[in-house]
Amino acid sequence: MNVFKVSMRGKNCAKSVLCDLRKALAVHTKNFGANNSYSGAFSDFYGFPSCPISVYRTGDEWRVPKGPQAQRVPREARPVCNHPLRDVWRTLGKEVYNFLDSIQVLWTSIDPVRFAEKEGKAGPLYLWVGVIPSFPDVEIAFRESVFTRSDGPQLLKHVISLDPTADIGSPFTGALGVQIAPRNTPHFEGTGALYLCEGGQSDRVFLLTARHVALPPSAHRNVLYERKRTSQPREDVLILGSKAFSDALEDMMAKIGRELIFINHYKRELAALGEDEDATVAKAREKFQRKLANAGETIVAIDAFYDGITKHWSTLGQRVLGHVVYAPPISGNVVYIGTFRSTLLRKQDFGSRLRLKMHPHPEGHSSFNYPIGGLLQVKGIVEEEEIRQPKSLDANGEECLILIKNGRSTGVTIGRGTGIESFSTSMEIAIYPYSHKDGAFSAPGDSGSIVVDGLGRIVGLLTGGSGKTDSTDKIKKAFPNSYLYPIKT
């Protein structure tokens, strides 16, 4: 990727930014020809989830440790919220990408961003430009980047969190984050976003997702798809594609394996305690006997659950959730899937780690409470003004949106949303990792996930990401002013 430092100079900021951009291109073209490489290629973005290569960067030199024991300094991207660029960016951003187009730069994304060493103070604003790998001699501050399109039965009811099948049964319920795939290409997997009622006297329920999840570009032309007549061939959609179903079965077997290990341990502890009648020993014996009984009951419950799943869910025909009803071309990137045999659910699974991560800074304004039963009610939207001027603070005390999603590949993840849009195939909101210690917010297969804040209010629909590898670094936006925008990670 190329990184271009932004300087704002009064009312003519757009002209000054484009002027600086041209100078940077000229300097880079002169100093870094075909036989030279940029010295910061592998150090500028060290520590990022997708390991992007830095092609060129303007601005001050970044610290690089020297000497035999020197180690690269991990860095991270930070959101940008209250900055003068925000008020002119929608116009300026278009001028930037039109300029890049005019000189035939094969860019994939343009993100306003700040960089920081791990747990350090964020630096100045940069324009982070992603380019196709093997970029030619014209660069600014770009990383190598490819925009990645991540691509039934009666759904089971939720059970209480103490039920031994609560975690392994989640993929078979209707909680948001439902894992889906086209029946004709079950290896192209993605995620469902929201359920929508048709309204009126109809009892039909639709599932909203990204177009490329239900109609993979490799198998379908990018034209309007609409199924108006029952005589038309159906484009069926499965709950759980090939890998997702296999992973779910493996999780069941893995949990049984763990319980067997515990059972062996409890038996050894009981044998070591012997028949001693001492009160303390008797209390310990009773404790291990309870644990032994609970582990045995868990294995019996999982065994029965596994048998039911393999009997009623194994074939593709048994996992048909519905069929594609309406899918505009990829510029719209939204698909409606209808004909469900399940009830409408509007909740999402979460882990206990959210309790601390949703309150990253003591001075931040967070209304998050861990949801009863681990299910967060999704309702309402985050208005555009709050997206652009968030009140939350991250662990560094910097303004950002703390956001959550539940996707097919990475499950429940937390990230930091920025307040200034990025440009790619559409205008987007970037969502960066929660911290330098956390992985990317999403990966291929998470497309279609709905992104919400800690109150369950909708921010956007995940449609793809950019980065050098399958692990991606940012996200698009959705729903400001009640209009669905895409989201990219």
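**Cysteines**

I looked for disulfides first, taking a pair of cysteine sulfur atoms within 2.5 Å as the test. The count by this rule is zero. This is a predicted model, so I kept local features to pLDDT of at least 70 and side-chain atom pairs to pLDDT 80 or more, while totals for chains, interfaces and linings use all residues. Residues are numbered from 1 along each chain as its sequence is written, and side-chain values use heavy atoms, with hydrogens and water left out.

My classes are buried (under 20% relative accessible area), exposed (over 50%) and partly exposed (in between), with a 1.4 Å probe and protein chains only. Cys-81 has a relative accessible area of 5%, so I list Cys-81 as buried. Cys-197 comes out at 47%, which means partly exposed.

**Helix 2**

I took helices (H or I, at least four residues) and strands (E, at least two) as DSSP runs, numbered from the N terminus. Helix 2 covers residues 89–102, 14 residues.

Which residues of helix 2 are buried? I found Trp-89, Leu-92, Gly-93, Val-96, Phe-99 and Leu-100. They cover an arc of only 125° around the axis, so they sit on the same side of helix 2. The arc is that of the directions from the helix axis to the C-beta atoms. An α-helix has 3.6 residues a turn, so residues three or four places apart point the same way. On the other side of helix 2, I noted Thr-91 and Ser-102 as exposed.

**Positive phi**

Most residues other than glycine have a negative phi. I logged two residues against that background. Gln-104 is not a glycine. Gln-104 lies in the loop between helix 2 and strand 4 (107–117). At 69% relative accessibility, Gln-104 is exposed.

Leu-240 is also not a glycine, and has a positive phi of about 70°. I placed Leu-240 in the loop between strand 13 (236–239) and helix 5 (242–273). Is Leu-240 buried or exposed? At 0% relative accessibility, Leu-240 counts as buried.

**Aromatic pairs**

I paired rings of Phe, Tyr and Trp (its six-membered ring) if their centres lie within 6.5 Å; planes under 30 degrees apart are stacked, over 60 edge-to-face, the rest tilted. The search of the whole structure gave 15 aromatic pairs.

Phe-48 and Trp-128 have ring centres 5.5 Å apart and planes at 65°, so I call the pair edge-to-face. Phe-48 is in the loop between helix 1 (13–31) and strand 2 (56–57), and Trp-128 is in strand 5 (residues 125–131), so the pair ties together parts 80 residues apart in sequence. Both Phe-48 and Trp-128 are buried.

Trp-62 and Tyr-126 are edge-to-face too, because their planes stand at 80° with centres 6.0 Å apart. Trp-62 lies in the loop between strand 2 and strand 3 (75–78) and Tyr-126 in strand 5, so this pair ties together parts 64 residues apart in sequence. Trp-62 and Tyr-126 are buried.

I then traced one aromatic cluster: Phe-45, Phe-48, Trp-62, Phe-115, Tyr-126 and Trp-128.

I also checked for charges over rings (NZ of Lys or CZ of Arg within 6 Å of the ring centre and within 35 degrees of the ring normal). Arg-319 lies over the face of Phe-245, 4.3 Å from the ring centre.

**Salt bridges**

My rule was a side-chain nitrogen of Lys or Arg within 4 Å of a carboxyl oxygen of Asp or Glu. How many salt bridges does the structure hold? I got 13.

Arg-416 bridges to Glu-76, with the closest N and O atoms 3.3 Å apart. Both Arg-416 and Glu-76 are buried.

Arg-408 meets Glu-189 at 3.2 Å, N to O. Arg-408 is in the loop between strand 18 (401–407) and strand 19 (411–417), and Glu-189 in the loop between strand 8 (179–182) and strand 9 (190–191), so the pair ties together parts 219 residues apart in sequence. Arg-408 and Glu-189 are buried.

Glu-286 pairs with Arg-290, closest N and O atoms 3.3 Å apart. Both lie in helix 6 (residues 279–312), four residues apart, about one turn of the helix. Glu-286 is partly exposed at 46%, and Arg-290 is partly exposed at 47%.

Last, I followed shared partners: salt bridges join Glu-189, Lys-243, Asp-247 and Arg-408 into one network.

Technical notes
The expected span of a helix is 1.5 Å times one less than its number of residues.
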